[in-house]
Amino acid sequence: MKVNSRSGFTLIEVLIASVIFALISVNIAMVTRTGSQATANGIMHELLDSELDLTLDRIKLALMSASADNVYPQVSAPASNERIEFSASLGVQGGIHIMGDPERIEWTPTENETGKVIWTQAVGLPGERKIQWSRSVPILQNKEVINLGDDNFNGLVDEPGLAFHMQHASDEEMQVFVTLTITKTDASGRIVPANRQVNITCRN
Ligand SMILES: [Ca+2]
Ligand SMILES: [Ca+2]
């Protein structure tokens, strides 16, 4: 009589099962890691967008009350500047325009090849105060390099990470354009930039 002596797994079957188990484990780990990286990158993009919006909103609010006659330097495209100085127009008293203390918004460098956006109130006065509005602003706009050309096709040449330029037609109010790039590092260590431009009409 033939007796079936097979009562366990052969070595080959155990090896195949081990390989399949290892492959499944690696796949699960990869899916989990990809999922958590995607979540981390999603949060990073939201933070990047909100920092960009908040900084540009603050710059807009400050420059909306600036008097067009007190905004310096007044450069036009394709030139731009990483700094703007201005005074707010507070109103008229006895037929005289009353101006606020001088203010400045500028890019200042940090140690790691990026810079900060700094707002200075009461420039050069005893009450001078500096407030940081943003950090991780690169020295140049996204996709721009120093070569006397407009590499990112925005009408500005070699423009800095925080760039101001003006447009002042004789029959129109002066417009200040603010172009800002901010970067953050994603979950895989890659530097991700985001940039936006806003324009503000100054008071005459
Ligand atoms: Ca450009
Ligand atoms: Ca360039």
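1. Confidence. The model is predicted, not experimental. The mean pLDDT of the protein chain is 90, and 96% of the residues reach at least 70. Helix α1 has the lowest confidence in the chain, with a mean of 89, while strand β5 (residues 162-167) has the highest, at 96.

2. Length of α1. Helix α1 covers residues 11-64, which makes 54 residues.

3. Cover of α1. The helix is hardly covered, with 5 of its 54 residues counted as buried. These are E51, T55, L56, I59 and L63. The spacing can be read against the helical repeat: an α-helix has 3.6 residues a turn, so residues three or four places apart point the same way. The buried residues of α1 pack against β1 (83-93), β2 (96-109), β3 (114-121), β4 (129-138), β6 and β7.

4. The sheet β5-β6-β7. These 3 strands form an open sheet in that order, with antiparallel pairing. Strands β5 and β7 are at the edges and have a single partner strand each, so one side of each lacks a neighbour in the sheet. Direction ignored, neighbouring strands of this sheet are turned by 15° against each other on average.

5. Pairing within the sheet. Between β5 and β6 there are 6 bridges, in the antiparallel sense. Strands β6 (residues 175-185) and β7 (residues 191-201) are also antiparallel and are joined by 11 bridges. V178 in β6 stands opposite F164, and the bridge partner of V178 in β7 is V198.

6. The hairpin. Strands β6 and β7 make a hairpin, with 5 residues between them. In the turn, G189 has a positive phi of about 85°.

7. Surroundings of V117. This residue lies in strand β3. V117 has 25 C-beta neighbours inside 10 Å and therefore counts as buried, the cut-off being 20 or more. Leaving out residues up to four places away in sequence, V117 touches T55, I105, W107, W133, S134, V137 and L162. Another, I105, is 12 residues from V117 in sequence, and the C-alpha atoms of the two are 7.0 Å apart.

How values were computed. Residues numbered from 1 in each chain as written. Chains lettered and ligands numbered in written order. Predicted model: local features only at pLDDT ≥ 70, side-chain atom pairs only at ≥ 80, totals over all residues. Pairing = 2+ DSSP bridges. Helix = DSSP H or I, 4+ residues; strand = E, 2+ residues; numbered from the N terminus. Expected span 1.5 Å × (residues − 1). Buried ≥ 20, exposed ≤ 12 C-beta atoms within 10 Å, placed from the backbone. Contact = placed C-beta atoms within 7 Å. pLDDT = per-residue confidence, 0-100. Axes fitted to C-alpha atoms, helices over the stretch in contact; angles between N-to-C directions.
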